Amino acid sequence: MTEILSTYPRKCKKFGVLNATCYRLICSACELGIVPSITSPVKNPAEISWKVSNEHASKERAKIIGVAKKNNYKGMKDVKCLISELRKLPVLYILISMYKEVLCNSSFINSLNTTMLGDAINEKNSKPNIILFMADDLGIGDLGCYGNTTLRTPNIDKLAKGGVQLTQHIAASPLCTPSRAAFLTGRYAVRSGMTSFLRTGVLMFSASSGGLPPEEITFAKLLQQKGYATALIGKWHLGINCNSSNDFCHHPLSHGFDYFYGIPVNNLRDCKPGQGSVFKKGCEMYVPTVIQITGIALISLAVLHSIGLLRVPRRALSCFFLMASVFIGILFLFLYTFRHLNCFLMRNHRIIQQPWNYDNLTQRFTEEAKRFIKRKMDAPFLLFLAYPQVHTALFASLAFRGKSVHGLYGDAVEEMDWSIGQILHALDQWNLSAQTLVYFTSDQGAHVEEVSSNGEVNGGCNGIYKGGKATNWEGGIRVPGLFRWPGVIQSDVQIHEPTSNMDIFPTVARLAGAQLPNDRIIDGHDLMPLLQGTTLQSKHEFLFHYCNAYLNAVRWHPRNSESIWKAFFFTPKFSPKNSNGCFHSHVCFCHGDFVVHHDPPLLFDLSKDPEEKNPLTPETESHFYEILQVIQQAASHHTKSLPAVPNQLSLKNMIWKPWLQPCCSSFLELCQCDYETQEDKGLLEGWHR
Ligand SMILES: [Ca+2]
């Protein structure tokens, strides 16, 4: 026995843990018959045969048996859990020879190797911590690791270097609300009713009744049930209330998060004084017309009345005038109060800053994230850090302002990168890096039409890819996808297979030991085999690209083929015509006269034409019609799998409902408060102490 122990790698002794390597050594040893103490399967936890080499052996033994008894360990499936518990005990060596069949069974060892359970026997890998970073509207071309040479993103680039970089990572929707709904549930947003048939495809108001339905299961909920501490810090954008201003039916705390610190709706230009309005284009398009029609009608009626051709009752005229005034008044009131009513910061269910203050907002999110990790470092935790950057209104703290070569947009990207660096540094400092899976992505592509009133480009870069946010051209949906987990997944590797942001759901669920729901279709696939290199092919043969609630395009990656076909049923009409976006309307729409329908569908091979410049024809692609037939069949099969669900983004669920308005003061005080920098600060300090 001493001989075997002496052959253990030095690090086993150093950390006092039985990591995967040490474990395999023991198994090799027992296969050779060197370990003499192996008995038949243990029926009683007290029969566990083990050896502890430190002087507190008897105490540790009692603890181990206590853990085993408490958890009623019975069989093979519990070995992993037991060993995970044992890892928490400060013993130098623990030899567990509970089952010869388990520990020395080569098929079991093989299954450990191929399915990661082998690594999961190490505490570091059993129920790893999960940190998910999500940027808002960041383009894939904004990061150094994806080819940017002018913005400085060293910390995000380090994730790529130390882990796996996905080059064909696809957002399930090119817009915030549906993309995040799909990300959290592992299902196309259309399955939960989180897609719109209207022009607007995202929630705009804090007092809308639409949102992620309570019956949807997020990965946060699954991990919470598995004992994870779960937090969302940053942006939510999936609704707040259903029927009253405090039922919180759609709130993050109702969807599996123990802790929420952030913005429940969205960061918009209207949230920051002096940054313009996202409603400006709409107002410019419609308000002058309404005012003109009203004015002409009033003047015409007055003239006809005065010359005696038409008798218009004074009351009717006054009524008409009053209605026009009320309409314009409401419009101005809406624009004036928008910031107060929609741009606020919450901690859990409580509004703590209304409207929010942009000063050091990124620092506050970063500090909150670090505090959460520190509080929960002894338990497995899930941290979803959803930055409001780099959606407009753009912001950066003083230390970053004017420092990048891409104006305020670049400053915001670099500040976000700094924040990620702070979190990664904290993981290193607290020795958590090796037991933490880190992921970075953006909710969709950059918003190319974002240009400020003085002509400054406020949207990001989608690299070589066409279009951007709100379109299913690659620029709208191909997002960064970076994973890091030292020692468990591959490092410095690029994977070019199609993957989806919906894949996070089954991946983290499985790592946490949670069962996937079996009463619904999950569209994502576990990414671990790809990340670990045990498979080279993505399970996504087809991906369906939605523009709001409309099936816009289908991607097909046939098995055993390099080709990646993408067929569009319609495409947006860019304006101006030869530009790269819908600059006249600020964002592209998905239906009616805003799109061009294609019959036959517009077909590309992304493996040869990632820029989507050259649509294929029967002349240039001999299998043109066969490919389209397969795609049509897949689309039809997919469409049949969609259940009829209430539409959360219908006009009824999207409009502002005064009785749902969250407000931390009276309406007369215009919903203003700042507990964040007042008494809450004191409370917070006390709480974290
Ligand atoms: Ca977004």
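Strands β12 and β13 form a hairpin, with two residues between them. In the turn, N548 has a positive phi of about 50°. Strands here are DSSP runs of E, at least two residues long, and helices are runs of H or I, at least four, numbered from the N terminus. This is a predicted model: local features need pLDDT of at least 70, side-chain atom pairs count only at pLDDT 80 or more, and totals for chains, interfaces and linings use all residues. Residues are numbered from 1 along each chain as its sequence is written.

Follow the hairpin into its sheet. Strand β12 covers residues 542-547 and runs antiparallel to β13, with six bridges joining them. Two strands count as paired if DSSP finds at least two bridges between them. H545 stands opposite A553 in β13. On β14, A553 stands opposite F568. Strand β14 (residues 565-572) pairs with β13 over four bridges, again in the antiparallel sense.

Together, four strands form an open sheet in the order β12-β13-β14-β15, with antiparallel pairing. β12 and β15 (595-605) stand at the edges with a single partner strand each, so one side of each has no neighbour in the sheet. From one strand to the next, the twist averages 25°.

Why is β13 described as largely enclosed by the rest of the structure? Five of the seven residues of β13 (residues 550-556) are buried, so the rest of the structure largely encloses this strand. Buried means that 20 or more other C-beta atoms lie within 10 Å of a residue's own, with C-beta atoms placed from the backbone. Helix α19 (residues 624-640) lies across β12, β13, β14 and β15. Its direction is at about 125° to β13. Such angles run from 0 to 180 degrees between N-to-C directions, and axes are lines fitted to C-alpha atoms, for helices over the stretch in contact.

Now turn to a helix pair. The axes of α9 (residues 154-161) and α15 (residues 407-429) come within 7 Å and cross at roughly 55°. That makes α9 oblique to α15. Oblique covers what is left once angles under 35 degrees (roughly parallel), over 145 (roughly antiparallel) and 65 to 115 (roughly perpendicular) are set aside. P154, N155 and I156 of α9 meet D417, I420, G421 and L424 of α15. Contact here means C-beta atoms, placed from the backbone, within 7 Å.

Last, the UniProt record, an unreviewed entry, annotates residues 285-304 and 316-338 as "transmembrane region". Such annotations may be inferred rather than shown by experiment. Over residues 316-338 the chain is 100% helix and 0% strand. The end C-alpha atoms of that stretch are 32 Å apart.

Terms used: Contact = placed C-beta atoms within 7 Å. Buried ≥ 20, exposed ≤ 12 C-beta atoms within 10 Å, placed from the backbone.
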